[in-house]
Amino acid sequence: MAVTANKRADQVVYGVLLALAVAVPALNLGVGESSALHVSTYTMTLVGKYLCYALLALSVDLVWGFGGILSLGHGAFFALGGYAMGMHLMRQIGTRGVYGNAELPDFMVFLNWKELPWTWYGFDSFPFAMLMVVLVPGLLAFVFGWFAFRSRVTGVYLSIITQALTYALLLAFFRNEMGFGGNNGLTDFKDILGYDLQADSTRATLFVLSVLALAGGYAGCRALIDSKFGRVLVAVRDAENRARFIGYRVENYKLWAWTFSAMLAGVAGALYVPQVGIINPGEFSPLNSIELVIWVAVGGRGTLYGALLGAFVVNFAKTFFTGALPELWLFVLGAVFVLVTLLIPQGIAGYFNREARA
Amino acid sequence: MNAPRTPVSAPTWWDEFTTAGSSPNTAAARLHQGNILYIENVTVSFDGFRALNELTLYIETGELRCIIGPNGAGKSTMMDVITGKTRPDRGQAWFGSQLNLLKMSEPEIAEAGIGRKFQKPTVFEHLPVFTNLELAMRAPKGVWRSLVARLSGEARDRIEEILVLVGLAEQRDMRAGALSHGQKQWLEIGMLLMQEPQLLLIDEPVAGMTHQETERTAELLVALAGQRSVVVVEHDMEFVRSIAKRVTVLHEGSVLAEGSMAQVQDDPRVRQVYLGA
């Protein structure tokens with residue numbers, strides 16, 4: 001039965017995440033650099049990045065794999081969460097910037113701005129910034145979804161609009177006048193809540209937080225999918241009209257799944273930014289959003305764990321290829337996508353477990 | 001009639017009929033209930049083409065009515081108007097005497113007690129048969145209620161009951177997508193029944209069915225009428241003859257003839273446009 005297969009997979013997911021959360025920081029902080037067991041800070045940060053990607057992939061799987069909404073713009077929600085975190089980190093720099101201005105980030109001083117734009121109000125407060133991490137992507141998704149789902153825009157048309165959404169944001173964030181650092185984005189962060197961002201201990205903490213966020217997001221999605229809400233969502237995916245005639249307000253189900261998914265993506269972005277040390281408009285690039293759909297397709301949509309698997313597998317491959325054979329990477333990615341679609345349409349997870357897919 | 005009538009979402013006057021073993025009191029009331037569906041002078045045009053042309057039709061409570069007509073006669077459009085999918089240019093459509101169908105959304109109409117079966121079987125392919133019925137059950141359908149909903153023992157019994165009625169008890173844990181064509185049709189009828197509708201609209205139920213499946217479907221539909229009103233749109237004349245007491249013939253968007261199968265068949269106009277004899 002599908003349920004028991006999912007239970008087993010869940011145990012593996014939680015087991016692996018627990019092992020990562022314990023082993024990686026311990027081997028980084030507790031084992032000397034000379035030891036063969038030592039995990040470098042670079043590796044830890046790299047895996048931490050993958051964890052954020054995995055959470056992002058999870059959010060896409062929720063709406064695509066279960067709700068049948070193919071988003072080609074989920075990178076936008078990720079980036080918005082990242083910007084919210086980045087803005088807080090910028091405000092934390094204070095007088096340590098190149099221009100030593102306590103009030104304004106460097107790029108504003110450089111642009112000869114005299115005061116902080118209203119969009120930056122409140123971001124010096126950590127709780128406020130964390131609220132914005134989920135609220136801004138959530139609100140954008142809600143407004144977007146409100147119009148799109150109510151107008152019954154579905155399928156490829158919806159995908160195209162999501163793509164347009166992220167592209168529009170890309171263009172907007174490129175502009176200096178927007179006040180988010182233009183094409184350089186936000187970078188040169190110093191510390192978070194007073195802890196040095198370059199310190200191994202801070203990196204280890206961020207790593208553990210990423211694991212926790214992923215585990216929490218996974219548990220949340222699983223609870224959602226196992227509830228009647230999840231069954232209705234799958235029903236909408238399979239036969240939207242039937243669901244409507246049964247009496248479900250299909251647009252509301254889509255809207256809330258979509259909004260929740262965007263919030264998860266926002267959290268992923270917020271954890272990503274302090275680990276990689278930069279957020280710029282490139283994150284809004286439509287290509288990013290397409291790539292992350294490929295992660296989910298490769299891993300296997302409609303299983304939750306498939307999304308995690310796909311994010312890790314594809315990104316490990318990306319790290320390897322962009323290091324070893326950089327010019328080949330895009331071809332490899334394209335080939336993988338084509339092959340997976342042709343040979344194992346349900347992805348890796350679906351191949352190994354035909355029953356588990358909802 | 002005998003009870004105060006209330007808005008859509010509240011328990012409605014037909015609830016008492018839908019539960020098995022309704023009291024003699026309500027059964028008597030039903031006899032006097034009259035019509036459950038009123039369609040009056042409904043016109044629908046698509047780009048100048050009149051799919052429905054001043055259509056007037058009444059369905060009695062508890063009746064099993066068959067609607068026949070050549071392609072393009074407006075059968076599906078009529079269903080679309082009743083279920084809120086298409087809004088007519090003119091005319092009236094009432095469910096009972098209190099609910100104006102033209103002012104209600106699709107989910108509201110479904111909630112009020114009109115269930116529709118599509119021509120092509122549409123079930124939730126990746127969900128088990130049992131879950132298909134569970135989702136169709138008459139229950140709060142809101143997002144927040146769904147998040148915390150738990151299946152009560154009573155609901156479980158009701159689902160098992162319907163599983164037996166539509167002959168899918170053995171397939172309860174199978175994915176709906178793995179069912180045969182006929183089984184999907186029955187599952188869909190079962191899903192309609194879970195909604196406890198007062199009026200069932202069924203579009204070509206036996207298309208593509210084997211002979212045995214067709215017979216089984218006829219039995220099922222006859223068994224369903226009485227407690228609820230059933231409207232069947234069908235091309236298969238043999239099938240219509242086997243179940244129908246009253247037949248309505250649609251032609252070019254309005255009613256051409258109405259009566260028993262024999263009466264309708266003898267009608268020269270019907271012979272001309274439809275039976276082709």
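Leaving aside residues up to four places away in sequence, A:G145 is in contact (heavy atoms within 4.5 Å) with A:R150, A:L255 and A:W258. The model is predicted, so that local features need pLDDT of at least 70 and side-chain atom pairs count only at pLDDT 80 or more, whereas totals for chains, interfaces and linings use all residues. Residues are numbered from 1 along each chain as its sequence is written, chains are lettered from A in the order in which they are written, and side-chain values use heavy atoms, with hydrogens and water left out.

A:G145 belongs to helix α5 (residues 126-150) of chain A; helices (H or I, at least four residues) and strands (E, at least two) are DSSP runs, numbered from the N terminus. The relative accessibility of A:G145 is 1%, and the residue therefore counts as buried (under 20% relative accessible area; exposed is over 50% and partly exposed in between, with a 1.4 Å probe and protein chains only). A distance of 8.4 Å separates its C-alpha atom from that of A:E251, 106 residues away along the chain.

Over all chains, 27 salt bridges were counted, each defined as a side-chain nitrogen of Lys or Arg within 4 Å of a carboxyl oxygen of Asp or Glu. In chain A, A:R91 pairs with A:E103 at 3.7 Å between the closest N and O atoms. A:R91 lies in helix α3 (residues 74-93) and A:E103 in the loop between α3 and α4 (106-110), so the pair ties together parts 12 residues apart in sequence. A:R91 is buried at 14% relative accessibility, while A:E103 is partly exposed at 45%.

In chain B, a salt bridge joins B:R116 and B:D80, with the closest N and O atoms 2.7 Å apart. This pair links distant parts of the chain, namely strand β6 and helix α3 (residues 75-82), 36 residues apart. Both partners are buried, B:R116 at 5% and B:D80 at 14%.

The contact between the chains takes 34 residues from chain B and 28 residues from chain A. The buried area, which is the accessible area (1.4 Å probe) lost on putting the two parts together, summed over both, is about 2800 Å², with 61% given by carbon and sulfur atoms. Between the chains there are 4 salt bridges; a salt bridge between A:R242 and B:E188 has an N to O distance of 2.2 Å. On the side of chain B that touches chain A, α4(B) supplies the largest share, 5 residues.
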